[in-house]
Amino acid sequence: MSDPSAYTWKQATALEGKTAVVTGVASGIGRATALQFGEAGLMVYGADINEEQGAATMAAIVASGGRGEFLPLDLTKPESIDAFVDNLKAKSGGVIDIIASVAGVDVVEPFIESKPETWNIILNVNFVGPVRMIHRLLPILIERGRGTKIVTVASDAGRVGSTGETVYSGSKGAVIAFTKALARETARYGICCNCVAPGPTDTPLFTGAVAAKLRDALIKAIPLRRVALPTEIANAILFFSCPAADYITGQVLSVSGGLTMHG
Ligand SMILES: NC(=O)c1ccc[n+]([C@@H]2O[C@H](COP(=O)([O-])OP(=O)(O)OC[C@H]3O[C@@H](n4cnc5c(N)ncnc54)[C@H](O)[C@@H]3O)[C@@H](O)[C@H]2O)c1
């Protein structure tokens with residue numbers, strides 16, 4: 001639309017007919033995001049290292065009348081990322097409007113006890129892998145231009161730090177800074193890049209990493225007194241993907257029930 005002021009809310013939130021790539025679709029927030037994109041009428045290419053669960057998510061989209069396809073991806077392996085991108089280009093015919101980089105890993109332990117092998121996995125899945133993937137997909141978005149979106153998923157740990165998640169926090173801080181710098185570089189093409197920073201969210205990543213006792217203490221510290229549902233984080237990813245967010249770029253949105261109120 002040439003005159004954004006002519007948007008009705010319905011037009012501003014319309015995503016039908018667009019194509020999205022979502023990583024991390026086997027579980028949690030990535031799964032919720034893929035399902036919501038599917039429901040909104042997009043063609044969804046979902047990627048994950050977990051092929052069985054990832055394919056199940058995409059099958060659920062198709063079963064409910066949407067369009068989706070699963071593609072395998074291991075973000076720790078450059079050759080897997082390259083194969084994924086080649087596969088995606090062939091399947092999509094070079095038509096991609098939205099990249100939602102959601103996949104991530106966390107290991108909670110005191111920094112003093114952590115090992116370089118663990119740092120490598122965390123940094124590769126959360127930061128280096130997505131950088132390589134986005135670098136290879138960027139020419140497609142540049143070609144399509146205005147209205148295309150890149151949405152990354154960081155964490156409030158990347159904004160304010162988190163005990164026991166030192167390298168994870170570092171990887172997420174890197175995602176935030178990368179997204180802002182990319183937003184500056186790609187604005188000239190009409191591409192908007194934004195970052196969603198979830199707080200504690202009810203997914204295997206959170207339940208696996210945080211003991212039940214700690215979880216209760218954390219909930220008491222959250223002003224809205226509960227952890228997020230994966231769909232509540234997906235809602236923010238969809239918002240940044242919509243025409244409604246065409247004038248928003250380089251921003252970080254915490255979705256954390258008020259746990260962090262960042263200036
Ligand atoms: N759950 C939370 O409390 C929380 C809080 C802040 C940020 N986040 C972030 O949200 C994002 C999604 O996390 P989630 O909570 O849904 O976790 P999750 O564990 O439910 O899902 C993560 C997904 O990433 C995939 N993945 C892991 N390693 C991969 C690899 N090498 N290549 C490709 N895919 C891989 C997993 O298979 C899984 O499907 C992550 O980036 C995470 O850091 C989550």
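What follows is a short exchange about the ligand and its surroundings.

Modeller: This is a predicted model, in which local features need pLDDT of at least 70 and side-chain atom pairs count only at pLDDT 80 or more, while totals for chains, interfaces and linings use all residues. Residues are numbered from 1 along each chain as its sequence is written, and side-chain values use heavy atoms, with hydrogens and water left out.

Colleague: Which residues are the closest to the ligand?

Modeller: The shell around the ligand, counting residues with a heavy atom within 4 Å of it, divides into 17 nonpolar, 10 polar and three charged residues. Of the 30 residues that surround the ligand, the closest are Ser27, Ile29, Asp48, Tyr168 and Thr203.

Colleague: Which helix gives the most to the shell around the ligand?

Modeller: Helices here are DSSP runs of H or I with at least four residues, numbered from the N terminus. At least two residues of the shell come from each of α2, α7 and α8. With three residues, the one that gives the most is α8.

Colleague: How far is an oxygen atom of the ligand from an N or O atom in the side chain of threonine 203?

Modeller: A ligand nitrogen atom lies 3.0 Å from a side-chain N or O atom of aspartate 74, and a nitrogen atom of the ligand is 3.4 Å from a polar backbone atom of leucine 73. For the oxygen atom and the side chain of threonine 203, the distance is 2.5 Å.

How values were computed:
A polar contact is a pair of N or O atoms within 3.5 Å; within protein, one must be able to donate a hydrogen and the other to accept it, and residues adjacent in sequence count only if both atoms are side-chain atoms. Ala, Val, Leu, Ile, Met, Phe, Trp, Tyr, Cys and Pro count as nonpolar, Asp, Glu, Lys and Arg as charged, and the others, Gly among them, as polar.
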